[in-house]
Amino acid sequence: MKKIFVILSLLLGSGLGYAQDIHFSQFMNSSFLYNPGQTGLINGDHRALLSYKSQWGSIAAPYKTYSFAYDTRFFKKQNTQMGLGLGVFKDVAGDTEFGTTSITLSSSAIMKLDNLNKLSLGLQGGIMQNSINNNMRWGNQYDGNGYNEGINSGELSTFDTSPFVGDFNAGIVWNYGTSESTITSNDLFSMQAGLSVSHLSRQRIKITDFEEKLYNRFTLHGKSFVGISNSPYAAIPGFIWQKQGPSSELVFGSYFRTKLKNESRYTGIFKESALALGIFYRVGDAFIPKLALEMFNFNLGVSYDFTASGLSEANGGNGGLEISLQYIVPVQQRYGKGTAPKMY
């Protein structure tokens with residue numbers, strides 16, 4: 001019981017226990033990882049995304065998360081398309097180095113309801129695994145002057161890595177947008193809303209003799225692009241709400257985007273470039289300034305979480321750095337139709 005209590009204190013005390021998932025502050029870039037209904041909903045033919053997040057480094061060993069996502073569209077009929085995607089992430093948490101590795105495949109059916117509305121239904125399935133550091137330090141190994149590894153902790157010296165378990169998710173996304181063929185990018189208005197449920201199988205996570213079911217995660221998210229006519233400016237507001245077991249999270253805010261250069265309309269030789277600045281708030285936790293630079297079909301995003309909760313007394317307001325890099329392969333033969341903006 002003592003061993004289980006210590007592990008739970010280390011893991012659950014940080015808010016990232018066995019029953020909780022990773023989270024990214026740049027959620028509008030990482031929506032494919034939150035909702036399989038996003039698979040194939042691309043302003044292009046292919047999309048690839050790399051993300052990295054590090055947090056709590058000012059308090060203890062940082063929590064680090066790495067992810068890669070790729071998705072594409074195929075079977076492009078008049079009113080129906082299919083989406084296919086691959087998502088991989090690795091999360092390593094704190095001094096215990098509690099790790100989660102996940103590999104998932106996603107598919108979606110994207111239905112064009114009319115000239116303005118699309119509906120996407122997505123399913124996702126894959127495997128995940130957990131691990132923990134075997135070289136942890138225990139309270140009874142401190143001899144009054146410092147840590148003494150020669151003192152027997154009385155705890156298990158080895159923690160077995162868990163076996164891979166199945167993981168299944170489902171989601172739906174509604175997308176509304178004016179036509180690219182009739183409107184230039186900064187006159188464009190679009191909006192999107194989605195709902196997903198993760199861990200449908202409620203799989204059990206097991207490290208040695210500690211075992212717990214993974215909670216379902218419910219996610220509601222939305223975003224919009226509001227172009228200001230006859231100007232290079234646009235607003236891109238968004239939010240995400242997640243509920244998993246006893247924990248919940250609400251993040252909301254907006255980017256403010258300005259075009260730096262227009263795309264050459266017929267040749268496509270010169271690509272549109274843009275700069276976006278944003279401020280978001282995770283309720284009860286942090287303010288998150290964000291910067292995004294679009295250039296040559298790349299979107300580089302940088303954000304930083306500034307702690308606004310009581311934890312700021314311990315970490316000096318420092319939270320976590322996040323970096324993302326997205327690349328979209330544009331639709332073939334799209335020149336002369338205007339360039340729809342990327343959604344963050």
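Modeller: Before we start on this predicted model, a contact here means heavy atoms within 4.5 Å, and among contacts in the protein chain between residues at least 6 apart in sequence, 59% join residues at least 24 apart.

Biologist: OK, and how many helices and strands are there in the chain?

Modeller: The protein chain has three helices and 16 strands, and of its 344 residues, 47% are buried.

Biologist: What about the accessible surface, how much of that belongs to carbon and sulfur atoms?

Modeller: Carbon and sulfur atoms account for 61% of an accessible surface that comes to about 16200 Å² for the protein chain.

Biologist: Going inside, which residues touch the most other members of the largest nonpolar core?

Modeller: Those are Phe-27, Val-251, Tyr-255 and Phe-280, in a core of 20 residues, and the elements that contribute two or more residues to this core are α2 (31–34), β11 (233–244), β12 (247–261), β13 (273–282) and β14.

Biologist: Take Val-251, then: what does it touch beyond residues up to four places away in sequence?

Modeller: Val-251 touches Phe-27, Gly-238, Phe-239, Ile-240, Phe-280, Tyr-281, Arg-282 and Ile-288 once those sequence neighbours are set aside.

Biologist: Different spot now. Where is Met-295 found, and why does it count as partly exposed?

Modeller: Met-295 lies in strand β14, which spans residues 286–295, and it counts as partly exposed because its relative accessibility is 35%, whereas buried would require under 20% and exposed over 50%.

Biologist: And which residues is Met-295 in contact with, leaving aside neighbours within four places?

Modeller: Met-295 is in contact with Glu-272 and Ser-273; Glu-272 is 23 residues from Met-295 in sequence, with a C-alpha to C-alpha separation of 6.7 Å.

Methods: Residues numbered from 1 in each chain as written. Predicted model: local features only at pLDDT ≥ 70, side-chain atom pairs only at ≥ 80, totals over all residues. Heavy atoms only, no water. Helix = DSSP H or I, 4+ residues; strand = E, 2+ residues; numbered from the N terminus. Buried < 20%, exposed > 50% of the residue type's maximum accessible area, 1.4 Å probe, protein only. Core = buried A, V, L, I, M, F, W, Y, C linked by side-chain atoms within 4.5 Å. Areas by Shrake-Rupley, 256 points an atom, 1.4 Å probe, with all protein chains shown as cover.
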